[in-house]
Amino acid sequence: MSWKRLVKCTKVPNIRFHDIRHTHTSILISEGVDIVKISRRLGHANPKITLEFYAHLLPNADNDIAYIFHKAIQSNAK
């Protein structure tokens, strides 16, 4: 069965097959799956390609880095 026919028969919103791939990737990232594993699953040549498209979805990446840096400075100041 073709994708368009499947969408029509199931009466789901008309979305592209590629949109499902993007949603799948977004969910994996939000659940904390390692970007290298996701990259392999998508068939990308390397994780850099995956990050170019999905880096904005990494949850609280800046907050985590700031916290790690803050803790490192605190422990070195003692």
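**Figure 1. Contacts and overall extent of the predicted chain.** Among the contacts (heavy atoms within 4.5 Å) in the chain with a separation of 6 or more, 22% are between residues 24 or more positions apart. The model is predicted, so that local features need pLDDT of at least 70 and side-chain atom pairs count only at pLDDT 80 or more, while totals for chains, interfaces and linings use all residues. Residues are numbered from 1 along each chain as its sequence is written, and side-chain values use heavy atoms, with hydrogens and water left out. The secondary structure comprises five helices and zero strands, where helices (H or I, at least four residues) and strands (E, at least two) are DSSP runs numbered from the N terminus. The C-alpha trace spans about 65 × 25 × 15 Å along its principal axes.

**Figure 2. The salt bridge between Asp19 and Arg16.** A salt bridge requires a side-chain nitrogen of Lys or Arg within 4 Å of a carboxyl oxygen of Asp or Glu, and by this rule the count comes to one. The closest N and O atoms of Asp19 and Arg16 are 2.6 Å apart. With buried meaning under 20% relative accessible area, exposed over 50% and partly exposed in between (1.4 Å probe, protein chains only), Asp19 is partly exposed at 23%, whereas Arg16 is exposed at 53%.

**Figure 3. The loop that holds Ile15.** Ile15 is found in the loop between α1 (3–10) and α2 (17–30), and Ile15 is partly exposed, with a relative accessible area of 34%.
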